[in-house]
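Here are my notes on the model you sent over.

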Amino acid sequence: MPSLRILQISAECAPFAKTGGLADVSAALSRYLAGAGHDVRLVLPLYQRVKQKAKLRPVEGLQDLKVRLGGREQWFSIWQADAPRSKAPVWFVRAPQYFERESLYTEDADEGQRFALLTHAALLSCQHTGWAPHVVHAHDWHAALAPLLLRTHYAWDRLFKDARSLLSIHNLGYQGWFPATAIDELGLGDERHLLHQDHLQEGRVGFLVTGLLWADMLSTVSATYAKEIQTDEHGVGLQGILRSRADRLKGIVNGIDSDEWDPSSDPRIPHHYALGELDGKRRMKAALLERVGLPPTTTAPVFGIVSRLTMQKGFELVHDAISVLLRREDMRLVVLGSGEERYERFFGWLAQTFPGKVAYLQSYDEELSHWIEAGSDVFLMPSRYEPCGLNQMYSQRAGTVPLVRRTGGLADTVQDWDPAARTGTGFVFERFDAQSFHSALERVFATWRDQDSWRRLQAQGMALDWSWETRIDEYIELYRSLHALRR
Ligand code: ADP
């Protein structure tokens, strides 16, 4: 089969710019697609923090380019860096006026222009290098203008005549809405009649919704989430449009980077282990407790959390259910995460109230996240919704039993422990309420007391293969079916 030329447009890519799973996915996709022999380019913004850290070089022929946005010509250049272990180049859009700010995302008035520029820059870089993509793969709202622009602004160019677009939804909660009065500044003046007219009448224009309307194909990061987002409960206002495009919407569960997340070789942890030789895991548990300042234990379970602290992640349930257990049980809880102040305060309060049992680290710390995955016994993800979720897969690989709510990718990747049949890889609860979460925690303690069952549960999770190697063919198949599509 001939190889494909695939353009990826994303706001994040690990290890350069990451706030969540999108960064892991765009990096892994590019790396594994290139590894499978495809010609892949990934384009993302040259943020301030990338400029400070990465080794960059200018790409010849792609300097001093311009596009009209914000009522004037915006100049940009393309710079390149090598991604670890990947053959695919990562191209950064250097436009200091837009991207050199404190954080990746802002609430500044020109936020929409910033990501409109990213998309134009990605497509213009194809034109200036005569590189004709078969697939333009846009990730999330930041890149979601690409499908429309391919049909309008860039349609004159025969370079794109075979290009088909795929929009991947990593999280429907982020939709990129801007005031309709900003249409000209966003460079969408000529496309006005192709935007969602009801929204325009309401005085707004949405990037994600525009992509949902115009992409040749849509995908999201798990089969269950693909169904959920078509419902009133999880559709975040876009369920009608998603239902109308259901025949073009596919769910593919994310893989994990098995070089980064393998407890037998992970360079970020000091003790290694594998299925059948769990001594290193016991040492990781001791090392983790010491590192976060909690007293050692070999008998009490250690619970871990690594997360953005947002409403999505369901920590209200921890708030309502955990104090009773912390009072009653010998246990430890290690929490790593930052985000909304109310959750940060709650975990801070919990650590103060239960010293010696709870440690809260209010930061983003790549290395510590690996320690928590390896050193915990149980990993908590009581998410309200979860498009895919990566940590439950890292956990199973690490012999750390996940406790999750049955939603999105969590439902697709964790099988509930059945003590009679002795099947399952974690604990799964159904309803989003404190009572259900509490019952699941009680099941954890009951199983923990029967160490023979625990070892079996742990081993069943560790035996699963979540690697991208097993997943990448699904994307390649999707790209091929897309490429064969007639418009
Ligand atoms: P989301 O994209 O909604 O944040 P995912 O589970 O898909 O959730 O991906 C989250 C990724 O970000 C994981 O790799 C997780 O380990 C990482 N992560 C989240 N918070 C932190 C943190 N405070 N420190 C280190 N890594 C974090």
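1. A quick definition before anything else: helices here are DSSP runs of H or I with at least four residues, strands are E runs of at least two, and both are numbered from the N terminus. With that in hand, alanine 484 sits in the segment after α18 (472–483). Keep in mind that this is a predicted model.

2. Alanine 484 is worth a click. Its relative accessible area is 59%, and because the cut-off for exposed is over 50%, it counts as exposed.

3. Now the overall picture. The chain contains 18 helices and 18 strands. Its C-alpha trace spans about 70 × 45 × 40 Å along the principal axes. For 487 residues, a compact globule would come out near 23 Å in radius of gyration, and the chain's 23 Å agrees with that. Of those 487 residues, 61% are buried.

4. On to the ligand. Its shell holds 20 residues, and the closest are Gly21, Arg308, Lys313, Ser363 and Leu390. Sorted by class, that shell has nine polar, six charged and five nonpolar residues.

5. Which parts of the chain build the shell around the ligand? Domain 1 (5–255 + 469–483) and domain 2 (279–466) each give at least three residues. As for individual elements, α1 (21–35), β13 (302–309), β14 (332–339) and α14 (391–397) each supply at least two. The largest share is from β13, with three residues.

6. From glycine 21, a backbone N or O atom lies 2.6 Å from a ligand oxygen. Lysine 18 brings a side-chain N or O atom to 3.1 Å from a ligand oxygen, and for asparagine 391 the corresponding side-chain distance is 3.3 Å. How much of the ligand's accessible area does the protein cover? On its own the ligand has 560 Å², and the protein covers 93% of that.

7. Next, aspartate 377, in the loop between α13 (366–375) and β16 (378–381). Is aspartate 377 buried or exposed? Its relative accessible area is 7%, and since buried means under 20%, aspartate 377 is buried. Its side chain has a polar contact at 2.7 Å with the side chain of lysine 285.

8. A few backbone details to look over. Alanine 14 and proline 15 are joined by a cis peptide bond, with omega about 0°. Proline 15 belongs to the loop between β1 (5–9) and α1.

9. Then there are positive phi values outside glycine. Aspartate 64 has phi near 50°; this residue is in the loop between β3 (57–58) and β4 (65–69), and it is exposed at 58% relative accessible area. Arginine 85 has phi near 60° and is found in the loop between β5 (72–82) and β6 (89–94). With a relative accessible area of 48%, arginine 85 is partly exposed, because that class runs between the 20% and 50% cut-offs.

Methods
Residues numbered from 1 in each chain as written. Predicted model: local features only at pLDDT ≥ 70, side-chain atom pairs only at ≥ 80, totals over all residues. Heavy atoms only, no water. Near = heavy atom within 4 Å. Polar contact = N/O pair within 3.5 Å; in protein donor to acceptor, adjacent residues only side chain to side chain. Areas by Shrake-Rupley, 256 points an atom, 1.4 Å probe, with all protein chains shown as cover. Nonpolar A, V, L, I, M, F, W, Y, C, P; charged D, E, K, R; others polar. Domains from an automatic or database assignment. Rg over C-alpha atoms; globule rule 2.2 N^0.38 Å. Buried < 20%, exposed > 50% of the residue type's maximum accessible area, 1.4 Å probe, protein only.
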